[in-house]
Amino acid sequence: MKRCEAIKAIAGLLKKDEPVISANGMISREMCATRDRSHNFYMLGSMGLASSIGLGLALSVPNKKVIVIDGDGNVLMNLGSLTTIGKLCPKNLIHVVLDNESHDSTGGQPTASKIAKLEEIAKASGFKTTRRASSIEMLKEAMKELLASDGPSFLLAKVKRGGEPVPRVPYEPEVVKDRFKKALFDD
Amino acid sequence: MKADEFCLLLKGYGFNFFAGVPCTILKDIIGHLLNDRDVIYITATREEEAIGIATGAYLGGKKSVVLMQNSGIGNSMGALGSLPLLYKVPMLLLVSWRGYRGKDAPEHLIMGEAMLKLLRSVGIPFQVLSQWGIEEEVSTAVRDMEKRQIPIALLLRRGVIK
């Protein structure tokens, strides 16, 4: 599956109010182009920290399902985060990783996820449920299951490298943050 | 000031979420936070991870403090620049100052000497905590943090908190 198809499938399964943290680079751009909503927090920099932001948020709003949409390069920069999540075990966190086995936003340099099974690392770190999807159908099915059950959950989706050009996120960082916070507390 | 009094002081300003990487200078403070049921303390694996967690907590309505040794400022400069400084996320950075005035184990001397320059270079204001002026210094830092909506560093030398 293509990355944009995976993002579209995930976005299509979201209700109005689940907060989403999307990783920097093409993932945030595609999320913004596919389904821009105030409950999306688009990361621009701080590569690797999507799951950490998601963890802090999940612990602070335990009644909301928090979804992190991450990439393989990002997870590999902050692997320790999986162990912190596994230890704290927030029930309301879903960590989705779109794995194209490369740093696709910066020229397609290969990552270690061709060999390293990230979902097994998550499992060994204490995630309650882990799933691996290699097709859109599998991804949708797994996502529906995880949205309806307690986590922390980890969903690895194997996606193809490359994608169509997508515009940058059109909002100033402060606007992204302010509208996200407002949306969260207006619910 | 004692560690428990210092924790009470921070809690008095509404800080209720803490994430950090330990340092011996911070151990009594962290010990109190870990045992305090009114606050959350998260042991992070790296300082930038703690900054990410603290940012998420802020988005979820908490008031956050990140604890680290000054070597961690070096580790987390990129994250500070492209997360809390970029998005204007207020938080306190409680940073232990190893290598202060060149008196410490050799591994602390270079980063100890560089710390103020590092903070100034990315525009993070700081307060050096002193034995007799902590209340005033923390009050100034919190006021600055609220006004500017960015991280503010509190620098803690050995012996200031008992």
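Two residues are taken to be in contact if their C-beta atoms, placed from the backbone, lie within 7 Å. The structure shown is a predicted model, in which local features need pLDDT of at least 70 and side-chain atom pairs count only at pLDDT 80 or more, while totals for chains, interfaces and linings use all residues. Residues are numbered from 1 along each chain as its sequence is written, and chains are lettered from A and ligands numbered from 1 in the order in which they are written.

**View 1. The contact between chain A and chain B.** Chain A brings 26 residues to this contact and chain B brings 25 residues. On the side of chain A that touches chain B, H3, H5 and helix H8 (173–186) each supply at least two residues, helices (H or I, at least four residues) and strands (E, at least two) being DSSP runs numbered from the N terminus. H3(A) gives the most to this side, with eight residues. By class, the side of chain A that touches chain B holds twelve nonpolar, eleven polar and three charged residues, where Ala, Val, Leu, Ile, Met, Phe, Trp, Tyr, Cys and Pro count as nonpolar, Asp, Glu, Lys and Arg as charged, and the others, Gly among them, as polar.

**View 2. The packing of two helices in chain A.** Helix H3 (residues 50–60) of chain A packs on helix H5 (residues 80–88) of chain A at an angle of about 20°, with the axes 10 Å apart; axes are lines fitted to C-alpha atoms over the stretch in contact, and angles run from 0 to 180 degrees between N-to-C directions. H3(A) and H5(A) are therefore roughly parallel to each other, a term for angles under 35 degrees. The contact is formed by Ser51(A), Ser52(A), Leu55(A) and Leu59(A) from H3(A), together with Ser81(A), Thr84(A), Ile85(A) and Leu88(A) from H5(A).

View 3. Strand E3 (residues 64–69) of chain B pairs with E4(B) in the parallel sense over five bridges, pairing being assigned if DSSP finds at least two bridges between two strands. Val66(B) stands opposite Leu93(B) in E4(B). E4(B) is also joined by six bridges to strand E6 (residues 151–156) of chain B, and the two run parallel.

How values were computed
Angles under 35 degrees count as roughly parallel, over 145 as roughly antiparallel, 65 to 115 as roughly perpendicular and the rest as oblique.
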